[in-house]
Amino acid sequence: MLHGRDELFAALPSPDGGTWVDLGCGTARNAEAWGDRLGDFNEVVLVDLSESLLGIAQKRIEDRGWSNVRLLHADATKVDLPPGSADVVTFAYSLTMIPNWFAAIDHARTLLKPGGTIGIVDFYVAKKHPGEGRRKHSWFRRTFWPIWFANDNVFPNPDLLPYLAERFETVEIAEESGKIMWIPLLKMPYFRFVGRKRSL
Ligand SMILES: C[S@@+](CC[C@H](N)C(=O)[O-])C[C@H]1O[C@@H](n2cnc3c(N)ncnc32)[C@H](O)[C@@H]1O
């Protein structure tokens with residue numbers, strides 16, 4: 001059900017000798033999405049609040065022999081890393097699980113170098129009156145999906161995408177819908193956002 005991950009990572013840069021920080025990394029599945037490009041980074045920091053998921057991530061790191069990857073047990077809204085140290089920061093299906101999501105976005109922005117890239121893929125619902133060029137969702141979609149997701153402690157917020165577009169220079173926004181296993185008629189809305197931290 002977690003659509004769009006491969007497309008997101010294909011669209012992100014992997015600067016030679018750079019630093020990538022993944023916020024809400026879970027089992028480190030995102031690290032696989034880079035393929036060989038993971039080796040371009042000098043430092044990869046995978047952050048999550050869940051010790052059990054970090055345990056699975058640790059096993060993946062050891063199995064793959066990723067010597068540039070380390071784990072950090074921390075809240076994505078206050079990760080203790082030097083400000084301005086990251087070339088790339090990502091969230092894959094984690095922002096909608098973070099109640100203080102705007103603080104997480106602001107913190108990600110603080111971690112990025114000027115000109116650094118943020119990449120996000122997550123569930124979402126559109127605003128009732130989305131801006132020009134943005135996709136409109138029916139009343140049913142805007143009402144149904146937040147109730148559905150709440151069962152799994154996932155809270156898509158219609159202000160999320162507009163907030164990202166305000167905080168970063170937009171490189172790419174894609175608003176899509178993905179199939180759900182076993183339920184052929186329903187498609188759940190998700191977005192990809194790639195943005196750049198303005199250099200001032
Ligand atoms: C749906 S999982 C996605 C995991 C992974 N990014 C992926 O795509 O497979 C959401 C993850 O966000 C983590 N998470 C939720 N709130 C968090 C927070 N405040 N700080 C760090 N991680 C958090 C959860 O522990 C979980 O691993």
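Is Asn-153 exposed or buried, going by its C-beta neighbours inside 10 Å? That one is picked up in point 7, after a walk through the rest of the model.

1. Ground rules. This is a predicted model, where local features need pLDDT of at least 70, side-chain atom pairs count only at pLDDT 80 or more, and totals for chains, interfaces and linings use all residues. Residues are numbered from 1 along each chain as its sequence is written.

2. The sheet. Seven strands make an open sheet with mixed pairing, in the order E3-E2-E1-E4-E5-E7-E6. At the edges sit E3 (69-73) and E6 (169-180), each pairing on one side only. On average, neighbouring strands are turned by 15° against each other, direction ignored. Strands here (E, at least two residues) and helices (H or I, at least four) are DSSP runs numbered from the N terminus, and two strands pair if DSSP finds at least two bridges between them. Helix H6 (residues 160-167) packs on the sheet, touching E5 (112-123), E6 and E7 (183-196), and its direction makes about 15° with that of E7. For such angles, axes are lines fitted to C-alpha atoms (for helices, over the stretch in contact), and values run from 0 to 180 degrees between N-to-C directions.

3. Strand E1. Five of the five residues of E1 (residues 19-23) are buried, so the rest of the structure largely encloses this strand. Buried means 20 or more other C-beta atoms within 10 Å of the residue's own, exposed means 12 or fewer, and partly exposed is in between, with C-beta atoms placed from the backbone. In a regular strand, side chains alternate between the two faces of the sheet. Here both faces are covered: Thr-19, Val-21 and Leu-23 on one side, Trp-20 and Asp-22 on the other. E1 runs parallel to E2 (residues 43-48) through five bridges, with Asp-22 partnered by Leu-46. Three bridges link E1 to E4 (residues 86-92), again in the parallel sense, and Trp-20 stands opposite Val-88 there.

4. The core. The largest nonpolar core has 47 residues, and Val-21, Leu-23, Leu-46, Val-89 and Ala-108 have the most contacts inside it. Such a core is a set of buried Ala, Val, Leu, Ile, Met, Phe, Trp, Tyr and Cys residues joined through C-beta atoms within 7 Å. Beyond residues up to four places away in sequence, Val-21 touches Val-45, Val-47, Leu-81, Ala-86, Val-89 and Leu-111; contact means backbone-placed C-beta atoms within 7 Å.

5. The ligand. Its shell has 19 residues, the closest being Gly-24, Gly-26, Ala-76, Ala-92 and Ser-94. Helix H2 (29-33) and E2 each supply at least two of the shell residues.

6. Glu-175. This residue lies in E6 and is partly exposed, with 18 other C-beta atoms within 10 Å. Phe-191 is 16 residues away in sequence but 4.5 Å away in space, C-alpha to C-alpha. Leaving aside neighbours within four places, Glu-175 contacts Arg-134, Arg-135 and Phe-191.

7. Two backbone spots to look at. Most residues other than glycine have a negative phi. Ala-28, in the loop between E1 and H2, has a positive phi of about 75° and is buried, with 23 other C-beta atoms within 10 Å. Asn-153, in the loop between H5 (139-150) and H6, has a positive phi of about 55°. As for the opening question, Asn-153 counts as exposed because 9 C-beta neighbours lie inside 10 Å.

Key:
Contact = placed C-beta atoms within 7 Å. Near = placed C-beta within 6 Å.
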